[in-house]
Amino acid sequence: MANTVNRNYPYPEYTNVADFPAQVQAFATAVDTDLANNLRDPALLALDAPSVRAFRGTGTQNIPTGVNTTLQYDLLPTYDNDNMYDGTVSLTNITVQTPGVYLITGSVNLAQTGVAGGSAALIVMSSGGVVQNPVGDSREIDNDKPTSISCTTLHNVAVVPETITMFVRHNHAGALTASIAQITMTRI
Amino acid sequence: MPGFTPNFTFPYPLPADPADVPTALKDLAESIELNLSQTDDLSKPRGMAQFLGNVPNTLAGTAIAGSLTWQITNFNTVVSQFVPNGAFPAVQPINDASTNAITVNHDGFWFVFGTAQAQSQVVAANIDELGVEILRNGNATPANSRSGTHNTVNASDPTIVVDAAAGIPLTIGETSGLRGLVRRSSGAASVQFLNRSITLLRMTTS
């Protein structure tokens, strides 16, 4: 038996003993396995990208001045199909389990203090350091209105597990209070 | 009776079958062709859609929030007909310029990104914040994602641009949208949200 060049499908050569049922079965099985493993299964797998969303909807978090304060989320994630968030282990960490390029977005709301001044930044971090450009966003602080910051980026996770967190840093005169915070990651 | 392969049930003759090479090859070829076409269809792009809004949306008086409307379909992919609820566009097409809720046609975890331009303000307008937030079924509670700027006065630029994004689980028939936010320290100055977009990517099937 010989095989095709690209997909390695078997076919009989002139010198082979004629055994049509076995030779057709070998060919049909090879095509069947190839289509299943290399076309159908990856296509189906791609429909379900590893994705997670962790969210803090209740409670608040103190954010001192001049300190990188890692944001915390609720015990249970809003969504997680790849075991990336376990609130019983860490309320701050997204642990990526599958390599790839991820779309990351996060946001945080900071309550007003009655006094204006200073700026606050939301930064995405990885266990390998600050996520590369763009890393986050910043806003000036108003006296009587909350400050809402969001940022979105793409990040390549080459080696797993890799931990992703977000932190807030500000230089307001006095601590700020973070209320709602969320982070979403999905592999593209 | 022929045998069949395990994944796609391609037929092949068994030794006990009558020797009919043309028919056996025809049956096999037709089965491969059919299944290959169906499998190839799975490789269509994931469900995704983007809509643009260009009709100014005004938040007048003391209104602090208003859902933004969409007029232009930039893209709305039709997913594979061989997945559940397939052969339908990612989201329901929009036919009304006042549409402010985008209805998804498929269950899944959707990544939603929205951005909007707003007018720059004069100091006397007393606008403290311009922002946007992602809506789920018309609601921002519990919050999905919100972003705004306090730097609303900029004489040299015609617009302020704000954006927000979030991943939200949606089932068939549920909606997402984008809401403009205005926070005033006093007064009732109107604010117009101008060009804007909302993009929805279906990242999972459930």
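**Confidence**

I began with the confidence scores of this predicted model, and for chain A I found a mean pLDDT of 92, with 96% of its residues reaching 70 or more. When I went through the elements of chain A, strand β10 of chain A (residues 129–130) had the lowest mean pLDDT, 60, while strand β6 of chain A (residues 79–80) had the highest, 98. For chain B I noted an average pLDDT of 92 as well, and there 98% of the residues score at least 70. For the model as a whole I wrote down an ipTM of 0.88 and a pTM of 0.90.

**Chain A, overall form**

I next looked up the make-up of chain A, which has one helix and 14 strands. How does the radius of gyration of chain A stand against that of a compact globule of 188 residues? I found 26 Å for chain A, whereas such a globule would have a value near 16 Å. The box filled by the C-alpha atoms of chain A, taken along the principal axes, is roughly 90 × 30 × 25 Å. I also noted that 37% of the 188 residues in chain A are buried. Turning to contacts in chain A between residues at least 6 apart in sequence, I saw that 69% of them join residues at least 24 apart.

**Domains in both chains**

I then checked the domain assignment, which for chain A gives domain 1 as residues 2–46 and domain 2 as residues 51–187. The C-alpha centres of these two domains of chain A lie 50 Å apart. Chain B is likewise divided into domain 1 (3–41) and domain 2 (48–202), and I recorded 51 Å between the C-alpha centres of domain 1 of chain B and domain 2 of chain B.

**Where the chains meet**

I looked up how chain B touches chain A and found 46 residues of chain B in contact with 41 residues of chain A. Which elements of chain B give two or more residues to this side? I listed α1 (21–41), β8 (108–119), β9 (127–136), β10 (146–149) and β11 (159–170) of chain B, and I noted that α1(B) supplies the largest share, seven residues. Sorted by class, the side of chain B that touches chain A holds 24 nonpolar, 17 polar and five charged residues.

**Nonpolar cores**

My next entry concerns the largest nonpolar core, which has 75 residues, and in which A:Ile94, B:Trp110, B:Val112 and B:Leu200 touch the most other members. For B:Val112 I set aside residues up to four places away in sequence and found that it touches B:Ile134, B:Ala165, B:Ala166, B:Ile168, B:Ser176, B:Ile198 and B:Leu200. A second, separate core has 10 residues, among them A:Leu35, B:Phe8, B:Ala24 and B:Leu28.

**A closer look at B:Trp110**

I ended with B:Trp110, which is found in strand β8 of chain B. Is B:Trp110 buried or exposed? I put B:Trp110 down as buried because 29 other C-beta atoms lie within 10 Å, where 20 or more are needed. Leaving aside neighbours within four places in sequence, I found B:Trp110 in contact with B:Val104, B:Gly167, B:Ile168, B:Leu170, B:Ser176, B:Leu200, B:Leu201, B:Arg202 and B:Met203. I also looked up B:Thr199, which is 89 residues from B:Trp110 along the chain, and found their C-alpha atoms separated by 9.8 Å.

Note on methods
Residues are numbered from 1 along each chain as its sequence is written. Chains are lettered from A and ligands numbered from 1 in the order in which they are written. This is a predicted model: local features need pLDDT of at least 70, side-chain atom pairs count only at pLDDT 80 or more; totals for chains, interfaces and linings use all residues. Two residues are in contact if their C-beta atoms, placed from the backbone, lie within 7 Å. Helices (H or I, at least four residues) and strands (E, at least two) are DSSP runs, numbered from the N terminus. Ala, Val, Leu, Ile, Met, Phe, Trp, Tyr, Cys and Pro count as nonpolar, Asp, Glu, Lys and Arg as charged, and the others, Gly among them, as polar. pLDDT is the predictor's confidence in each residue, from 0 to 100. The radius of gyration is taken over C-alpha atoms; the globule rule is 2.2 Å times the number of residues to the power 0.38. A residue is buried if 20 or more other C-beta atoms lie within 10 Å of its own, exposed if 12 or fewer, and partly exposed in between; C-beta atoms are placed from the backbone. Domain bounds come from an automatic or database domain assignment. A nonpolar core is a set of buried Ala, Val, Leu, Ile, Met, Phe, Trp, Tyr and Cys residues joined through C-beta atoms within 7 Å.
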